[in-house]
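Open the model in your viewer and keep the selection tool at hand. We will go stop by stop.

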Amino acid sequence: MKAVYPGSFDPITNGHVDIINRGLKIFDPIVVAVLENPKKQPLFTTKERVDMIKTIFGQQKNVEVQSFQGLLVDFARRNRAKVIMRGLRALSDFEYEFQMALMNRKLDPEIETFFMTPTVDYSFLSSQLVKEVSYLGGCLKGLVPQTIEDRLKQKFEQNPPITLLKG
Ligand code: PNS
């Protein structure tokens with residue numbers, strides 16, 4: 001069964017990678033859906049975020065990566081997917097995720113949201129914190145794939161303004 005795994009992925013972290021790998025035990029394929037949100041100013045462009053995820057999952061045929069705009073349920077329908085997969089790290093994620101799941105159900109009752117928890121080692125991890133740590137010169141070993149750590153360093157060398165940390 002096909003599932004869509006949506007997110008901003010700015011950038012993808014080991015927490016996302018862990019959820020995708022766990023999801024692959026249940027779903028095939030997983031379509032990683034990278035949100036292109038004109039209102040947000042991400043650190044990485046949509047193309048960069050898509051390409052980084054493609055690099056990590058390489059030639060794995062059961063992981064597809066696409067970007068999307070607009071409603072997630074419309075993207076899921078276009079892809080003939082009946083499941084939206086989301087990670088739940090802690091109780092603090094619950095309210096937002098619950099609201100989104102119920103709104104998506106209202107928009108399309110045929111689509112189910114499926115929650116997964118990452119390994120406890122990544123329960124504190126977020127793209128936002130990863131960006132902050134990288135910007136401030138901290139070590140991200142074990143928290144993001146090496147290629148992402150390198151891309152973050154490059155990005156902050158080229159483009160240091162603190163405003164890039166927003167969102
Ligand atoms: O990684 P994020 O930023 O928590 O992901 C949020 C995402 C992309 C899942 C969410 O913002 C989304 O689905 N956006 C698409 C717009 C949409 O469908 N909104 C209504 C449903 S709540």
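**Stop one: helix 1**

Select residues 14-23, which form helix 1; 8 of its 10 residues are buried, so this helix is mostly covered. Buried means under 20% relative accessible area, exposed over 50%, and partly exposed in between (1.4 Å probe, protein chains only). Helices (H or I, at least four residues) and strands (E, at least two) are DSSP runs, numbered from the N terminus. This is a predicted model: local features need pLDDT of at least 70, side-chain atom pairs count only at pLDDT 80 or more, and totals for chains, interfaces and linings use all residues. Residues are numbered from 1 along each chain as its sequence is written, and side-chain values use heavy atoms, with hydrogens and water left out.

Now colour the buried residues of helix 1: N14, G15, H16, V17, D18, I19, I20 and G23. Next, show T13. At the start of the helix, a side-chain oxygen of T13 comes within 3.1 Å of the backbone nitrogen of G15.

Step back to the loop between strand 1 and helix 1, where F9 lies. F9 is not a glycine, yet its phi is positive, about 50 degrees. Is F9 buried or exposed? F9 is buried, with a relative accessible area of 2%.

P11 is in the loop between strand 1 and helix 1 as well. Look at the peptide bond from D10 to P11: it is cis, with omega near 0 degrees. Then jump to P29, in the loop between helix 1 and strand 2 (30-35). The peptide bond from D28 to P29 is cis, with omega near 0 degrees.

**Stop three: R80**

Select R80, in the loop between helix 3 (72-78) and strand 4 (83-87). R80 has a positive phi of about 55 degrees and is not a glycine. R80 is exposed, with a relative accessible area of 76%.

**Stop four: the ligand**

Show the residues around the ligand (a heavy atom within 4 Å): P6, G7, S8, L35, F68, G70, L71, L72, R86, Y96, M100 and N104. Helix 4 gives the largest share of this shell, 3 residues.

Which polar atoms lie by the ligand's oxygen atoms? A polar side-chain atom of S8 lies 2.6 Å from a ligand oxygen. A polar backbone atom of L72 is 2.8 Å from a ligand oxygen. A polar side-chain atom of R86 lies 3.0 Å from a ligand oxygen.

Notes. Polar contact = N/O pair within 3.5 Å; in protein donor to acceptor, adjacent residues only side chain to side chain.
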